[in-house]
Amino acid sequence: MTDRAAALDHIAAYADAGGFRSDLAALVARPTESQDPRGAPHLRAYLTEAMTPMLQAMGFSCEVLDNPVPGAGPLLVAERIEDPALPTVLTYGHGDVVRAQEDRWRAGLEPFVLTAKGDRLYGRGSADNKAQHLINLRAMGAVIAARGALGFNAKVLIETGEEIGSPGLRAFCEAHRDRLAADVLIASDGPRLSPARPTIFTGSRGGASFDLRVDLREGANHSGNFGGLLADPAIILAHALACITDRRGRITVPEWRPDSLTPRIRQVLAALPDPDTGIPLDAEWGEEDQTLAERVFGWNSFAVLAMVAGIPEAPLNAIAGWARATCQLRFVVGTDPGDILPALRRHLDRHGFQGVTITAPENGSFPATRLDPDHPWVRFAAASLQRTTGEAPHLLPNLGGSLPNDCFAEVLGLPTLWVPHSYAGCSQHAPDEHVLMPLSRQALIAMTGLYWDIAETGGPA
């Protein structure tokens, strides 16, 4: 078995004979909840008992290292260096999952038991992110089996804290910059734009979370005795929020309107279908002169995640003393992350809301990243995926959500390609999380083809 077609047949047989399902079941069975302290021993066991033996069998040297942030989950670094003169590919995954929410899964399903129903494989972490890095590793294994060698150098970084904001990952990459040095990052997370067709995205939107709060007085006061005499903090806060966007959600803070939706980015996004989210979209929401794809992949969006005043579950006939809104700005490259909250402060002050305070949690923001969609590695990967699947992949300048891509793009200085192996309807972070077996099978074949092409050509010229 020394040619490309045979390697693709080999990985297809792995999927069809149940190997993929069996391997995924073993990974899903580990309750690696990083949001729950009970998950801590399982996080380390995932790296030492599941990932390390798999990678060692593929000829990788492995080391599990402590996180530079005390109490945060460990990280695994694996390396297969065949020849320093060959190109080096770094891949990434995360072994942790969100809370299982055991009591909310539908009858017949359990979060840590992989269950097949039709084309769906249900289990917590199946889509996010265990199937995704399993696909990439098994695709590398198929190339090794076919060629007797990988044909390039490979490094693997698996963390166990992505679901809690990847604490320590950036510092870890800074401390191990030489060890993680590579020519390109090729990793997988997030959803495809369409289940039947591969997607490539080259970065992610950033996010800044913060609270807006109006504190006027201690306690509440009777609305009959004081209505018309005491200012209502909830009304003040509602008006403050209303000055951040117009009535259709169009951002009005000048500094929050980026300059990076260039003609080339518009051209890339124009080739995409409307996002296939599985729920009806509100076409009249957001920027009037933008397509739906431009609004989510090329622009900033502001959201109020939660609001509270008084006691919502037991309202009193009283004017509350305070009100709070937890907010978030999702932002693209072209937005100054250091000026997001100062710009909001200036904007609120201009509108007379000096009494509204802004507070941000310590880990309340993460950067936006984007690789040039015309980068040679993007063109190379897109051509390979099309050759294998017969479908030109959807190309996104960045994911609408967020990933710790800054660790690779900024700290390690790598071109970053993400090839997701899930889809928007996978119930990620919700009960009944699942992957699609046909999508996973296609992804196994497509990634085997991509790695084969890197081995054959050394990557882009």
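Modeller: Start with contact: it means heavy atoms within 4.5 Å. Keep in mind that this is a predicted model.

Biologist: Which residues is aspartate 23 in contact with, leaving aside its neighbours within four places in sequence?

Modeller: They are Tyr14, Leu134 and Arg138. Aspartate 23 and arginine 138 are 115 residues apart in sequence. In space, their C-alpha atoms are 9.8 Å apart.

Biologist: Why is aspartate 23 called buried?

Modeller: Buried means under 20% relative accessible area. Aspartate 23 has 18%, so it is buried. Its place is in helix α2, residues 19-28.

Biologist: What makes a set of residues a nonpolar core?

Modeller: The residues must be buried, of nonpolar kinds such as Leu and Phe, and joined through side-chain atoms within 4.5 Å. The largest such core here has 68 residues. Phe20, Leu24, Ile186 and Ile454 have the most contacts inside it. Helix α13 (residues 437-457) gives the largest share of this core, 12 residues. Apart from it lies another core, of 31 residues, including Tyr92 and Trp418.

Biologist: How do you know what phenylalanine 20 touches beyond its neighbours within four places in sequence?

Modeller: By the cut-off of 4.5 Å between heavy atoms. Among its contacts are Leu121, Ile135, Met437 and Leu444.

Biologist: How many cavities of 30 Å³ or more does a search of the whole structure find?

Modeller: One. The largest cavity has a volume of about 40 Å³. Its lining includes Asn67, Pro74, Glu159 and Leu169. The lining residues divide into four nonpolar, four polar and one charged.

How values were computed. Residues numbered from 1 in each chain as written. Predicted model: local features only at pLDDT ≥ 70, side-chain atom pairs only at ≥ 80, totals over all residues. Heavy atoms only, no water. Helix = DSSP H or I, 4+ residues; strand = E, 2+ residues; numbered from the N terminus. Buried < 20%, exposed > 50% of the residue type's maximum accessible area, 1.4 Å probe, protein only. 1 Å grid on protein atoms, 1.4 Å probe; cavity = no way out; pocket = protein on both sides within 12 Å on 5 of 7 lines; lining within 4 Å. Points joined across faces, edges and corners; volume = space filled by probe spheres on them. Nonpolar A, V, L, I, M, F, W, Y, C, P; charged D, E, K, R; others polar.
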